[in-house]
Amino acid sequence: MSGHGHGHQSEAEATAMFEPPSWDERYSGPDKVWSGQPNPQLVAEVTGLTPGTALDVGCGEGGDVIWLAQQGWKVTGADFSSNGLTRAARHAEQAGVADSVDFWQVDARAFAAEGRTFDLVTSHFLHPPDGGMVEVTRRLAGAVAPGGHLLVVGHAPSEVFTQLSASHRKAMFVAEELLPGLPENFEPVVVEQRPRTAVREGVTVEIADSTLLARRTS
């Protein structure tokens, strides 16, 4: 729902990257799109938690889903791309964790928990357009069980991303901007931008992960 891996696009091409058909196309090729490694802030925040049930929204090819399952979690991976979910299921099978995972095709912008709750709800680098991550955060919070955690991580605005379209830059956020999306029965635990090195087009750059971790208190 972002397109942060693509530079030098027209605005029309960039806008298309917010929708499922573009991601289905991206996931239709023979090669992996992502590394398959878990996102670093997920590892940092979840390692100390007692495994339970988890929901990963925007799971893509399933790297975080597989890592969580390997740590003992029962995981549901959710994404709006059917091709992405097909890949994630295949990768889970290859990793030997298929019995610990299931998948759910859903658009985060219209996500509804439908009575299901999870001990952990996580979303990494989901960037709906026009500041929509606040509303997505509110929707995701509705799936967190009492005492459970919500972890939302995204790209902080940075000069590193100047080659991206205006719509993609506008979709980025700092963690504090998501706080209005938390219901009253949530307590913020981490609200910060965490520096990280990444490789962009063969160049190592400094970026920041906007990181919001909150716990449902009741």
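Buried means under 20% relative accessible area and exposed over 50%, with partly exposed in between, for a 1.4 Å probe and protein chains only. This tour goes through a predicted model, in which local features need pLDDT of at least 70 and side-chain atom pairs count only at pLDDT 80 or more, while totals for chains, interfaces and linings use all residues. Residues are numbered from 1 along each chain as its sequence is written, and side-chain values use heavy atoms, with hydrogens and water left out.

Select Asp107 to begin: its relative accessible area is 22%, so Asp107 is partly exposed. Arg109, with which Asp107 forms a salt bridge whose closest N and O atoms are 2.8 Å apart, also counts as partly exposed because its relative accessibility is 25%. A salt bridge here is a side-chain nitrogen of Lys or Arg within 4 Å of a carboxyl oxygen of Asp or Glu, and the structure holds 8 of them.

Next, select Arg194 and Glu45, another salt bridge, with the closest N and O atoms 2.5 Å apart. This pair links distant parts of the chain, since Arg194 lies in strand E6 (residues 186-200) and Glu45 in helix H3 (residues 40-46), 149 residues apart. Helices (H or I, at least four residues) and strands (E, at least two) are DSSP runs, numbered from the N terminus. Both Arg194 and Glu45 are buried.

Now display the strands, where an open sheet of 7 has the order E3-E2-E1-E4-E5-E7-E6 with mixed pairing. E3 and E6 stand at the edges, each with a single partner strand, so one side of each is left without a neighbour in the sheet. Two strands pair if DSSP finds at least two bridges between them; E4 and strand E5 (residues 144-155) pair in the parallel sense over 6 bridges, and Leu150 in E5 is the bridge partner of Val121.

Finally, select helix H4 (residues 63-70), which is largely enclosed by the rest of the structure because 7 of its 8 residues are buried. Among these buried residues are Ile66, Trp67 and Leu68. The buried residues of H4 pack against several elements, including H3, strand E1 (53-57) and helix H5 (82-95), where contact means heavy atoms within 4.5 Å. Continue past the helix to Gly72, which follows H4 and has a positive phi, near 105°.
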